[in-house]
Amino acid sequence: RLGERRGEAEALFHLGHQMWAAGDLDRATVLSEEGAAIAQEIGAVDISSSVLVNRGLIAGDRGLPEQAERLLEKGLAGFRRLGFTWSVAWNLFHLADLARRHGANASALARYVESAKLWYEDGDTWATVVALRGAAMAAADAKRFVAAAHLFGATEAQGEAVGLPVGPADRAAYDRVVADV
């Protein structure tokens, strides 16, 4: 109603992300594409990069890992150009998750660690713990058990320190991997 195109593009990005998180990939796609069109029209590189992330996450959940990686890498490049460290770290985290899901554990581990380092330097202890948990899981998947044990120890200590336990949906798998390590 206000004709504020930037706000409209941002809202579409956020709605698209929420629909992705809720598992409604069709709706997420529509909203993300609408947001992408407006962001491109107004030259909003930051929103365009965010929408690329949405599109990459959607492609990953649709079983299109090459397309997902390409979109996430494009979003990452945009955030790097803009100097948005926090967003760079999230993109690295998403790329790490994608790599881990497809068995590229060395790549996943490197990206989780880079993400954790950026968040740590930025002072985001919650996100640092999340990235370290991913790194621990990737190290375990890669059969780097000593590294995994150290990373699990760090995530347990930091998770307790910042009040971030492993969520109930992830607890069984997490406990199983920790026990294996």
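This is a predicted model: local features need pLDDT of at least 70, side-chain atom pairs count only at pLDDT 80 or more; totals for chains, interfaces and linings use all residues.
Local features need pLDDT of at least 70 and side-chain atom pairs count only at pLDDT 80 or more, while totals for chains, interfaces and linings use all residues. Numbering runs from 1 along each chain as its sequence is written, and side-chain values use heavy atoms, with hydrogens and water left out.

**Exercise 1.** Work out which helix gives the most to the lining of the largest pocket.

*Solution.* Start with the term: on a 1 Å grid over the protein atoms alone, a pocket is an open set of points where a 1.4 Å probe fits, with protein on both sides within 12 Å along at least five of seven lines, and lining residues have an atom within 4 Å of a point. The volume, meaning the space filled by probe spheres set on the points (joined across faces, edges and corners), is about 480 Å³ here. Next, the lining: 18 residues, with Phe93, Val130, Arg133, Gly134 and Asp170 nearest the centre. Now bring in the helices (DSSP runs of H or I, at least four residues, numbered from the N terminus). Helix 5 (85-101), helix 7 (125-141) and helix 9 (168-180) each supply at least two lining residues. Helix 7 gives the most, with five.

**Exercise 2.** Sort the second largest pocket's lining by class.

*Solution.* This pocket holds about 230 Å³. Its lining has 13 residues, and Phe13, His17, Val53, Trp86 and Trp90 are the closest to its centre. For the classes, Ala, Val, Leu, Ile, Met, Phe, Trp, Tyr, Cys and Pro are nonpolar, Asp, Glu, Lys and Arg are charged, and the others, Gly among them, are polar. That gives five nonpolar, eight polar and no charged residues. Helix 5 has the largest share of this lining, five residues.

**Exercise 3.** Find the residues that touch the most other members of the largest nonpolar core.

*Solution.* A nonpolar core is a set of buried Ala, Val, Leu, Ile, Met, Phe, Trp, Tyr and Cys residues joined through side-chain atoms within 4.5 Å. Among this core's 46 residues, the answer is Phe93, Tyr112, Trp119, Leu151 and Phe152. Helix 7 gives the most to this core, 11 residues. Zoom in on Leu151: leaving out residues up to four places away in sequence, it touches Leu109, Leu132, Ala135, Ala136 and Ala139 (contact is heavy atoms within 4.5 Å).

**Exercise 4.** Decide why Arg111 counts as buried.

*Solution.* Arg111 sits in helix 6. Buried means under 20% relative accessible area, with a 1.4 Å probe and protein chains only. Arg111 counts as buried because its relative accessibility is 17%. Its contacts, not counting residues up to four places away in sequence, are Glu69, Glu73, Leu92, Leu95 and Ala96.

Key. Buried means under 20% relative accessible area, exposed over 50%, partly exposed in between (1.4 Å probe, protein chains only).
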